[in-house]
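The stops below follow pairs of charged side chains.

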Amino acid sequence: MSLLPWCEAPFARLRQLREQGRLGHAWLIAGPAGLGKLHFVRELARWLYCKAPTPEGACGQCQDCHLFEVGTHPDWLLLQPEKKQLTVGQIRELIDFAHNTSQRGIKVLVVAPAEAMNLNAANALLKILEEPPPATVLLLVSHQSAQLLPTLRSRCQQLTFTLPEPMQALAWLRAQGASDPERLLSKAKGAPLNALALAENDTLATQEAVLAQLTALLTATVTPIQAAKICEKFAVQTSIETLLSVCQRLLRTVQAGLALDAELAPLLERLRAMDSATALVRLLHGYQQQVQAAYKVALAPNNANALLMLEALFGGWVKLRERLRKTSR
Ligand SMILES: [Zn+2]
């Protein structure tokens, strides 16, 4: 059993209800992404299945623990979107599963994230909430529970996860071996699992490298090939995702006059000094299209040479700079 530290109190609450026979049949597990709600749900299921549970969790020794561990527990069903949506067909599968007799004791059915259900799917799910089959617990995991049908929400008991105390999150990040956990946690807006993901995929380092190159290219202190060589060591997809995000954030700011995050402010200041907002928007749109096309190539299997790709994209950024200077003359 390995509960995340900030999941211990919610677990204790459900454990107590279960021991009192008051767990109920449906829970909405709500709260922001990046807190490990799905992990929590797995640990809860493991404990519910376990034939020799302790207050701390599942025993890890019995046959149910073993079946769950290897992913073949017959009473576990996790529905996740195949593409972006959870369809009515998937919910029907869940309903059929729920109405079959439990093979070992209690069935745990999980929908994650619940907001991925389309309207037909959500309406289909309502039926099972109205007439719950015996020995079944339905867990709806939701990062944005306000988007769910009010009738769905009202038929579930709610367990809401909130951001952990920074001290606790930082201690956990340190224990995972993350360096500079303060910065990671702040970038992830307080969500520890997202902070760890930033560290593990080098995402943060990639973003910083790409942004630094974009800024340097505007003042021609590096060439596109030099910039590409610096960023080549990172995953090319992450580099291109950063470029896309920069384009989107700059366009949103210039077009809507929104406040810019501090990270992009120096870049935008330089761009604005070069030309009018109209020219900037037009050229940024053009550049965004180039980046989007490259992203498709990067996602394809056996994608093209990362160095060449980055060089072309940084070259496109230099062209944008040159065109801005021309229109202002
Ligand atoms: Zn067990």
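In which helix do R46 and E43 both lie, and how many residues apart are they? Select the two: they lie in helix α2 (residues 37-49), 3 residues apart, about one turn of the helix. Helices here are DSSP runs of H or I with at least four residues, numbered from the N terminus.

This is a predicted model, in which local features need pLDDT of at least 70, side-chain atom pairs count only at pLDDT 80 or more, and totals for chains, interfaces and linings use all residues. Residues are numbered from 1 along each chain as its sequence is written, and side-chain values use heavy atoms, with hydrogens and water left out.

Stay on R46, which forms a salt bridge with E43, the closest N and O atoms being 3.3 Å apart. A salt bridge is a side-chain nitrogen of Lys or Arg within 4 Å of a carboxyl oxygen of Asp or Glu. Both R46 and E43 are buried (under 20% relative accessible area; exposed is over 50%, partly exposed in between, with a 1.4 Å probe and protein chains only).

Next, select R183 and E208, whose side chains meet in a salt bridge at 2.3 Å, N to O. R183 is in helix α8 (residues 181-187) and E208 in helix α10 (residues 203-218), so this pair ties together parts 25 residues apart in sequence. R183 counts as partly exposed, at 35% relative accessibility.

Last, go to R15 and E19 in helix α1 (residues 8-19). Their salt bridge has its closest N and O atoms 3.5 Å apart. E19 counts as exposed because its relative accessibility is 54%.
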